[in-house]
Amino acid sequence: MALGKYSRVDGRKSSSYCSTVTIVVFVALCLVGVWMMTSSSIIPEQNSDLSSQGKKNDVSTHVTESKENNNNAGDESNPTDEGKSKQFEDNPGDLPEDATKGDAAVSQEENRSNPQETESTSEVKQEEKSIEQKEDTGDSKSETQSERGTDNSDDKKEDGQYKVDDKDSEAGEKNKNKSVGEEIEEGADEKESVENSAELNDKKDQEVDQGSDEKADGQKKDQSSSEVFTSGVQSDLLNETTTQNGAFGTQASESKNEKEMQKSLGSDKESSYTWKLCNATAGPDYIPCLDNLEAIRNLRSTKHYEHRERHCPDNPPTCLVPLPEGYQRSVEWPTSREKIWYHNVPHTKLAEVKGHQNWVKVSGEYLTFPGGGTQFKHGALHYIDFIQQSVPEIAWGKRTRVILDVGCGVASFGGYLFERDVLAMSFAPKDEHEAQVQFALERGIPAISAVMGTKRLPFPGRVFDVVHCARCRVPWHIEGGKLLLELNRVLRPGGLFVWSATPVYQKLPEDVGIWEAMKKLTNAMCWELISKTKDRVNGVGIAVYRKPTSNECYEQRSKDDPPLCQGSDDPNAAWNVPLQACMHKAPVATSERGSQWPESWPARVSKSPYWLLSSEVGVYGKPAPEDFTADYEHWKHVVKNSYLTGMGINWSTVRNVMDMRAIYGGFAAALRDLNVWVMNIVSIDAPDTLPLIYERGLFGIYHDWCESFSTYPRSYDLLHADHLFSKIKTKCGLPAIVAEVDRILRPEGKLIVRDKADTITELESMLKSMHYEIRMTYTKDKEGLLCCQKTMWRPKDVETLTYAIA
């Protein structure tokens, strides 16, 4: 019953109970749902940055690609770099419409599907937008900086730059775009590892600034590389261009076709040139006109040093001189004055014989030169200053500029005179004093191999300010003083003869006898002894004589001995002219060269000489003074705007220079501010302008380029030939003169040729067959220019020169 009783009551209560249970379950389910919803919105909250950034990366990539596409399209209408500079600016208008719409659509969809997630991530997105704006702004700034460098590069290309500059600019532009894109991607990745947005902003700003600086530095490097070749090269080099190192930007298409044609012709000719190695007793030191042993063996006498004079073979050799074993690039000036590589000049005889006199010593892999000599054991500079103290009027580097050093030894005297702004033409024979001139040249000091024998020296008359002889062992007093009279010929009126030899200061019977003979001879020559002093430090003495400036003394002599030369005797005639024991009269006419002393150095280098008259026609057809000035201005312009900047030549490695066809010496004068010296060559069949070169305070020599030059192999760092090869190739053939050029030029030395176009083409092919590096060629209007560099290459085949074999 109880159950029944309660059953009725429970029956009524069951409905309410079910309702209660239902509500409780519903509430529980709601709580679970809320809990689940809360978990889904909170737990992903930790990775919201990752998910949102992943979306941002996708959007950013899309936006960047779209912008690049738009900019490329824009470049077709506007080929400037302005579009590139706007690529990463903070400007929503630069974004493509589909990109912005896609971004908005994604945001709306997220808002509809999950409003709570939108609310929870809105703050993060705001931070991302702020960072992105800073990125765009920073990139815009760096783009602007890079744009300036690009504009400069474009301007240079419009002025006619080499193609190599265009490549540099393109490379710089690619690097610039790449760095900007990498910075954006790196900025997105960094946000994954940075928890604080403020720290993120600071770090990003710093990286943007660094990126801008790096891009700016890259642009500066691109600009500096493009400045190797200046726009002035075209006008200075006969409007030249280059076939080997790219073309000038303003080159006409006709010139390009001409270069291709010449290149094909050159490749056809190249195979026809074959070279062999010279086999001679002298080996790597072979000088064809001084090592003609067959001619020397047939000499009737050698008592006047005939065997040390030039005896050139009938046919100049066309073989190439070998390199010494272990040869390497020469030591650069001024270090070379003190030491050179032993293997470049592997001769030790002078070190063994003259080592105690401080000529040269062997020091490991070097040959060293202490700076002394037989007459100045305590240094050449002390000796040089002692001379000026004894004779103040010598005025080194002002009144005295060009001197002749006879019997120079290793030329330390001339090497240290550079510090006094004096040029010394040093010479000595190729004799038992092994390689003395070769030592001088390897040291970077001017010198030639020559001897005072039976012929005149290859210099004009009345050109040297001073002649110097330090114990040169020349018997001046014999045979009527013929050798001293040759010095009188080349010495300028009023010039000085400095003689420091044992007869001046020693009292041995032989020395006393020579001194008395010299005293008598110099009196008869009207030379005035102006100083005779002894240096207590070196223990040597010097005697200084002055040549007269008038003919009064000659006319007052009681005895015509030595006699005056005939009026028809030209003192400037010097090529293979026999020596004569006579004196030329002093010039006295105000318009005659030698009647006045030149301007003090350096004014004399640029001023037209007083004896160059307007009534005379210059080499180029203008009145002589105007011709002189125009030539000087021309070479100054060419050297400054082309040779020093447009050839790619490192002039710090250049010391010994030869102008193979000097006219007025303008090329040498234009180089006078560099640490170089220039040997000016006047061909024997060219206008005799060598006296004018000396008047300018420069020096040079007469020569016939169908013969070898009186110098050792590997003597010069740079050879310059202005319209020389076309003039002599019909006379003695190009192979011979090119072989001589190769003999004279040091490995890695440079050759600059200006000549007719057909000659340039032929030379280029020939030099290529010798493995020269062609650095520049250009032809236009039948004129051209060639610049090349000698290599270490030597042929394997050998040609035996029977006349040069002992």
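Does Cys788 count as buried or exposed, and at what relative accessibility? In this predicted model, Cys788 has 0% relative accessibility, so this residue counts as buried. The cut-off for a disulfide is 2.5 Å between the sulfur atoms.

Other cysteines do pair up. A disulfide is a covalent bond between the sulfur atoms of two cysteines. Searching the whole structure turns up six disulfides. Number the bonded cysteines in sequence order, and the pairing reads 1-4, 2-3, 5-6, 7-8, 9-10, 11-12.

Start with Cys278 and Cys319. Their sulfur atoms lie 1.9 Å apart, and the two form a disulfide. This pair links distant parts of the chain, 41 residues apart. Cys278 sits in strand S1 (residues 277-279). Cys319 sits in the loop between helix H10 (293-297) and S2. The torsion about the S-S bond of Cys278 and Cys319 is about 105 degrees, so this disulfide is right-handed. Cys278 has 7% relative accessibility and therefore counts as buried. Cys319, at 5%, counts as buried too.

Next come Cys289 and Cys312. They form a disulfide, with 1.9 Å between their sulfur atoms. Cys289 is in the loop between S1 and H10, and Cys312 is in the loop between H10 and S2, so the bond ties together parts 23 residues apart in sequence. Here the S-S torsion is about 110 degrees, so the disulfide of Cys289 and Cys312 is right-handed. Cys289 has 1% relative accessibility and counts as buried. Cys312 has 23% and counts as partly exposed. The line between these classes is drawn at 20%: under that value, a residue is buried.

Now move to Cys469 and Cys472. Their sulfur atoms are 1.5 Å apart, and they form a disulfide. The link of Cys469 and Cys472 is left-handed, with -85 degrees about the S-S bond. Both cysteines are buried. Cys408 is another buried cysteine, at 11% relative accessibility.

An open sheet of three strands runs in the order S2-S4-S3, and its pairing is antiparallel. Strand S2 (339-341) and strand S3 (361-363) are the edge strands, each pairing on one side only. On average, neighbouring strands of this sheet are turned by 30 degrees against each other, direction ignored. S2 meets strand S4 (residues 366-368) over three bridges, in the antiparallel sense.

Ten of its twelve residues are buried, so S16 is largely enclosed by the rest of the structure. Which strands does S16 pair with? Strand S15 (residues 716-722) pairs with S16 in the parallel sense, over six bridges. Within that pairing, Asp722 has Arg754 of S16 as its bridge partner. Strand S18 (residues 783-789) pairs with S16 in the antiparallel sense, over seven bridges. There, Asp755 stands opposite Gly784 of S18.

How values were computed. Residues numbered from 1 in each chain as written. Predicted model: local features only at pLDDT ≥ 70, side-chain atom pairs only at ≥ 80, totals over all residues. Heavy atoms only, no water. Buried < 20%, exposed > 50% of the residue type's maximum accessible area, 1.4 Å probe, protein only. Helix = DSSP H or I, 4+ residues; strand = E, 2+ residues; numbered from the N terminus. Pairing = 2+ DSSP bridges. Axes fitted to C-alpha atoms, helices over the stretch in contact; angles between N-to-C directions.
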